[in-house]
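Colleague: I would like to learn how to read a few backbone and packing features. Could we work through one model together?

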Amino acid sequence: MPVKFYKPENQVPLEMHKVRVVQKLNLLKVEDRLRAIQEAGNNTFLLQNKDIYMDMITDSGVNGMSDKQTAAMMTADDSYAGSETWNRMKAAVKEVFGVDNLLPAHQGRAAENILAEAFVKPGMKTLMNFHFTTTKAHITRLGGEVIELVDPKGLIPQSDDPFKGDFNLQNLRDAIDKFTPEKVAFVRVEAGTNLIGGQPVSLENMLAVTDICHEKGVVSVLDASLLQDNVYFMKTREPMCKYMEVKEIYRLLASRFDIIYFSARKLSFSRGGFILSSDPKWTDMMMEFVPLYEGFLTYGGMEVRSIEAAAQGLLESLDMEYINQGPEFIAYLAKELDDYGVPVILPAGGLGCHLNCTEFVPDMPHNQYPAAAVGAAVFIAGGIRGMERGTVSEQREPDGTERYAELELQRLAVPRRVFTLSQIKYCADRVKWVWDNRSLIGGLQWTMEPKVLRFFFGRMKEIGYWQEQLVEKFKADFGDSL
Ligand SMILES: Cc1ncc(COP(=O)(O)O)c(C=O)c1O
């Protein structure tokens, strides 16, 4: 239960941990922030960490580690085969998910590669609530196709629906019948969703999806990378979960899905990736790809200390006093911004706070990349680095035409156990300033556009000189302040 403050107006999320290791941050002058973002081709992935004050690009591999995790790293059993660390990881997976069969991969997308290699053949369909960039890239690379079946409520930017990541169950049934079960490589639930605002999936919906898969004879897969936030939302928003133990939820899911995989950069506050199953027939099907692409079965390309940290971190994912911190800080940021009138995705989800850039710069066409433009403006305003989750993050169609994103989002990730509340308030304040000066924001155009995963290393430039004008306005409003 959240700790209640005596004065309601003082109520803020209260951390149940203290900070014991700190890292110095830099906040550059606004002219230097302009120079940095332009040198980075207006792509926040290409910024240098030394030029960033708040790094909100991701929650992946940058979560705060606990004292127990760092202590566990010292006990790592660094051997190629038969490492005791691997046995401890298996024990943690058994404790949390209740299953014995586990494969390692060096991170989440490597697990996706193995999954795709084992199940996807040319012409096959994969059905999912929503795609993730790397998931889709692996599936399409092998000639498969991604069909998205999120309930339409998931694409409404602001509502009070608690589970906007839910599958549309009727459409799932119809799609399996239409394509035939033999042509469906697998059904994948992403809980919570990454590209549509970190929105969660209800337990009820996930169980219904697995029921349909069992009935139709189709493999069911859970991408559990964001499951700890999702479990927090189940516990706090879904009546059937209120009195369930957190562990009960994880175990129920593992008993129903054929395969679960996750990025340990997120779930377990560590690094690496894992694939698990209650039935060895699935892990057996994928096992041969692990030594081929990753490394031997007891380390899978991971540094062994990271596996120790993952084992301890996975156990910490059972603790509501740890897993509430991310969602509560995100909800706080989203509320501050919403109170200021800034368009954000509501209800707040996991992973981060998402600015709805379609409303931020409503007259900007998709092909001037509104979400990337707002991201550049936020960096100039505050040294805050977010991530474009809009049209730039899409792949062009095979004929080269743009695929416009359903939602043009700028994501401000809130890595778990990292920021203080004053930093979150600073972020809200700077974004409010950008919002008040949104009429100055102009579009972007490509100067170098890669064919695959262009959002990672593509470069763009401003159309006109709107960024210089934004800097002038900043100086007028903030004077000498950084
Ligand atoms: C839902 C989801 N699946 C898979 C991945 C890929 O994981 P990784 O970054 O460890 O490769 C991510 C990472 O952001 C994710 O959010």
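This is a predicted model: local features need pLDDT of at least 70, side-chain atom pairs count only at pLDDT 80 or more; totals for chains, interfaces and linings use all residues.

Colleague: Start with strand β5, residues 184–190. How many of its residues are buried?

Modeller: A residue counts as buried if 20 or more other C-beta atoms lie within 10 Å of its own. In β5, seven of the seven residues are buried, so the strand is largely enclosed by the rest of the structure.

Colleague: Which strand does β3 pair with, and how do the two run?

Modeller: Look for the bridges. Strand β3 (residues 125–128) is joined to β5 by four bridges, and the two run parallel.

Colleague: What joins β5 to β6?

Modeller: Four bridges again, to residues 220–223, and this pair also runs parallel. Here V189 has L222 of β6 as its bridge partner.

Colleague: Which helix makes a β-α-β unit with β5 and β6?

Modeller: Follow the chain. Helix α7, residues 203–216, forms the unit with β5 and β6, and the unit is right-handed.

Colleague: At what angle do α6 and α7 pack?

Modeller: Read the angle and the axis distance together. Helix α6 (residues 169–179) packs on α7 at about 20°, and the axes are 10 Å apart. Angles under 35 degrees count as roughly parallel, so α6 is roughly parallel to α7. On the α6 side, L169, L172, R173 and I176 make the contact; on the α7 side, A208, V209, I212 and K216 do. The crossing of α6 past α7 is right-handed.

Colleague: Now the backbone. Which peptide bonds and phi values deserve a second look?

Modeller: Most peptide bonds are trans, and most residues other than glycine have a negative phi. Look for departures from that.

Colleague: What about L351?

Modeller: L351 has a positive phi of about 70°, although it is not a glycine. L351 lies in the loop between α14 and β9. With 29 other C-beta atoms within 10 Å, L351 is buried.

Note on methods
Residues are numbered from 1 along each chain as its sequence is written. A residue is buried if 20 or more other C-beta atoms lie within 10 Å of its own, exposed if 12 or fewer, and partly exposed in between; C-beta atoms are placed from the backbone. Two strands pair if DSSP finds at least two bridges between them. A crossover is right-handed if, with the strands pointing away from the viewer, the path from the first strand over the helix to the second runs clockwise. Axes are lines fitted to C-alpha atoms, for helices over the stretch in contact, and angles run from 0 to 180 degrees between N-to-C directions. Angles under 35 degrees count as roughly parallel, over 145 as roughly antiparallel, 65 to 115 as roughly perpendicular and the rest as oblique. A crossing is left-handed if the near helix is turned anticlockwise from the far one by less than a right angle, and right-handed if clockwise. Two residues are in contact if their C-beta atoms, placed from the backbone, lie within 7 Å.
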